[in-house]
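Me: I'd like to learn how to read charged pairs in a protein model. Could you walk me through one?

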Amino acid sequence: MRLSALPAAAALVVATLASGAAPATADTPAGPVLQADLEAGKGRHHNTGTVLYERVDGAVNSVRITSVTIYSGELDCAWVAWNDPHGTDGWSHLTTEPSCNGTGLVEYPDIVIKAPAGHPLKVRLAADHPGSDVVHKDIQKL
C-alpha cells in the first residue's frame, strides 16, 4: 500500500465503525449450539419438535434461538412456543405458523429470548386436533 493511501483507508475504517457496523468477531457464537427435543402424542397424533439455541455470552437467562423444526401428527396442528413472562397467556410462538396434518416446518428465527433471573426458560410443543379440545404437550428447559 502506498503511503498516500493510508489516510483514505483510515477514513474508511472510521466511517465503517461510526455507521454502527460491529467487527466480525461480535457475530461469533457465544457457545456451543444446544438442542432441545420435544415429542408429544402417539400414532397418527405423534408430533415432534427441535429447537436449536445458544447461550448469549454475558447475559443472564438469555438464549439465541437459531432454528425451530416441527413435524406434526397426521391429524394435528403443532406449535413450538417459549414461556414468555410478558406473553398474554405465558407463552409466545417461536414460528410464524403451525405445522399441520403431517407436514414439516423449519424456520430460522435468529432471535434472542430473555427472562428475568429466577424465571427458567422453557420451550413447549403443543399440538391439537382441529375442532377438538384434545391437546398433546411436551415442555423442556433451555
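Reply: Happy to! Glutamate 54 forms a salt bridge with arginine 64, and their closest N and O atoms are 3.7 Å apart. Keep in mind that this is a predicted model. As a general idea, side chains of opposite charge can pair when their charged atoms come close.

Me: Where in the chain do glutamate 54 and arginine 64 sit?

Reply: Glutamate 54 is in strand 2 and arginine 64 is in strand 3, so the pair links distant parts of the chain, 10 residues apart.

Me: Is glutamate 54 buried or exposed?

Reply: Glutamate 54 has a relative accessible area of 9%, and because buried means under 20%, it counts as buried. Arginine 64 is partly exposed, at 28% relative accessibility.

Me: Which residues are linked with Arg64 in a network of salt bridges?

Reply: The network links Glu54, Arg64 and Asp110. The side chains of aspartate 110 and arginine 64 meet at 3.4 Å, N to O. With a relative accessible area of 47%, aspartate 110 is partly exposed.

Me: How many salt bridges are there?

Reply: The count comes to three. One of them joins arginine 44 and glutamate 74, with the closest N and O atoms 3.1 Å apart. Arginine 44 is in the loop between strand 1 and strand 2, while glutamate 74 is in the loop between strand 3 and strand 4. Arginine 44 is partly exposed at 48% relative accessibility, and glutamate 74 is partly exposed too, at 45%.

Me: What about a charged residue with no salt bridge, such as aspartate 76?

Reply: Aspartate 76 is buried, and the nearest side chain of opposite charge, arginine 44, is 9.1 Å away. A salt bridge needs the nitrogen and the carboxyl oxygen within 4 Å, so aspartate 76 has none. Its side chain does make a polar contact with the side chain of histidine 45, at 2.9 Å. You can find aspartate 76 in the loop between strand 3 and strand 4.

Me: Which residues is aspartate 76 in contact with, leaving aside its neighbours within four places in sequence?

Reply: Among them are His45, Asn47, Cys100, Asp128, His129 and His136.

Me: How far apart in space are threonine 66 and tyrosine 108?

Reply: They are 5.5 Å apart, C-alpha to C-alpha, though 42 residues apart in sequence. Threonine 66 is in strand 3, and tyrosine 108 is in the loop between strand 7 and strand 8.

Key. Residues are numbered from 1 along each chain as its sequence is written. This is a predicted model: local features need pLDDT of at least 70, side-chain atom pairs count only at pLDDT 80 or more; totals for chains, interfaces and linings use all residues. Side-chain values use heavy atoms; hydrogens and water are left out. Helices (H or I, at least four residues) and strands (E, at least two) are DSSP runs, numbered from the N terminus. Buried means under 20% relative accessible area, exposed over 50%, partly exposed in between (1.4 Å probe, protein chains only). Lys and Arg count as positive and Asp and Glu as negative; His and the chain ends are not counted. A polar contact is a pair of N or O atoms within 3.5 Å; within protein, one must be able to donate a hydrogen and the other to accept it, and residues adjacent in sequence count only if both atoms are side-chain atoms. Contact means heavy atoms within 4.5 Å.
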